[in-house]
Structure formats: structure tokens, C-alpha cells
Amino acid sequence: MDATLILIDNDAELVRARALVDRLWNSNDARDIARVEAQARLIAAYEERNWPRRAPSIAELIRHLMDQHGLTRAEMASILGTPSRVSEVLRGKKGLSIAMIQRLRARFRVPVDLLLPPAKKAPARRAVKRAAA
């Protein structure tokens, strides 16, 4: 096969690049393997540029965990407090308390940093002008 890579500037070229990777995927030729790796990097760069990833909200993460573990909102009340608190957390209206975070971590075995809200940036401090003495 030739050593051409597809530079991706639009969705049509993305389709062609993915087809090339599919065609070369099972090859044992070292040149084809290198070509697949390079083309995969070009695909990843295009996708990241056009569809950047964002971290899920805490409510989205909890809904995902509930789905993965087959839990209902009623069953989440033992972890988050009351049914109304479950509703508020899942709608993103209320944050998690430390106790809730500890119970979620213990129940789902997830790292605490996934359950903590993102750090807020401190406002820029203005320089204080001092009067000449």
C-alpha cells in the first residue's frame, strides 16, 4: 500500500480517514501499522478540535452511576438524604455535602475528586494605589 495519509479539514475527509484505518487495521506490515497510528492521531486531533470533550457534571455522573448499578431515585435517597434532595442533586440545583460525597464514594467506589465541584477561579485582584507620603 502507499504511504499517503489523509489530512482532515472536513467531515468528508474524516469519513475517508476512518475508512483507511478500517482497511489497514488488520495488516501485519510495519509500514501499515505506522500509517494507522499516524492516521489515528490525525483523526483524534480533528475530533478534539471540532468536538472538544467536556467533563460531565456531577449530576450527569451520578445518573450514569445509577444506571450502571441499576439504582432508582428512591434507592438513592439512602445515599443523598431525602427523595427531594435526590431530585435537587440530579437536576443540578443542589450540590453535594461532604457526607453525601463520602457515601457516594463508598457505594460506587469512585475517586472523591470526581464528586467534588470544579474549583472556582479567584477574581483578579486590583492593584491598590498608595498616596505619596
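## Aromatic pair

A residue is called partly exposed when its relative accessible area lies between the buried range, under 20%, and the exposed range, over 50%. Trp51 has a relative accessibility of 45% and therefore counts as partly exposed. The model considered here is predicted.

The structure holds one aromatic pair. Its members are Tyr46 and Trp51, arranged edge-to-face, with 5.8 Å centre to centre and 85° between the planes. A pair of aromatic rings is described by the distance of the centres and the angle of the planes. The angle of 85° between the planes of Tyr46 and Trp51 is assigned to the edge-to-face class because that class covers planes over 60 degrees apart. Tyr46 has a relative accessibility of 5% and so counts as buried, whereas Trp51 is partly exposed.

## Ile33 in helix α2

Ile33 belongs to helix α2, which spans residues 30–50. With a relative accessible area of 39%, Ile33 is partly exposed.

When neighbours within four places in sequence are set aside, Ile33 is in contact with Ser27 and Asn28. Arg63 lies 30 residues from Ile33 along the chain, and the C-alpha atoms of these two residues are separated by 39 Å.

## Arg109 in the loop between α6 and α7

Arg109 is placed in the loop that lies between α6 (98–108) and α7 (112–115). The phi angle of Arg109 is near 55°, a positive value in a residue other than glycine.

Is the side of the classification to which Arg109 belongs buried or exposed? Arg109 counts as exposed because its relative accessibility is 75%, and the exposed class begins over 50%.

Note on methods:
Residues are numbered from 1 along each chain as its sequence is written. This is a predicted model: local features need pLDDT of at least 70, side-chain atom pairs count only at pLDDT 80 or more; totals for chains, interfaces and linings use all residues. Side-chain values use heavy atoms; hydrogens and water are left out. Helices (H or I, at least four residues) and strands (E, at least two) are DSSP runs, numbered from the N terminus. Buried means under 20% relative accessible area, exposed over 50%, partly exposed in between (1.4 Å probe, protein chains only). Contact means heavy atoms within 4.5 Å. Rings of Phe, Tyr and Trp (its six-membered ring) pair if their centres lie within 6.5 Å; planes under 30 degrees apart count as stacked, over 60 as edge-to-face and the rest as tilted.
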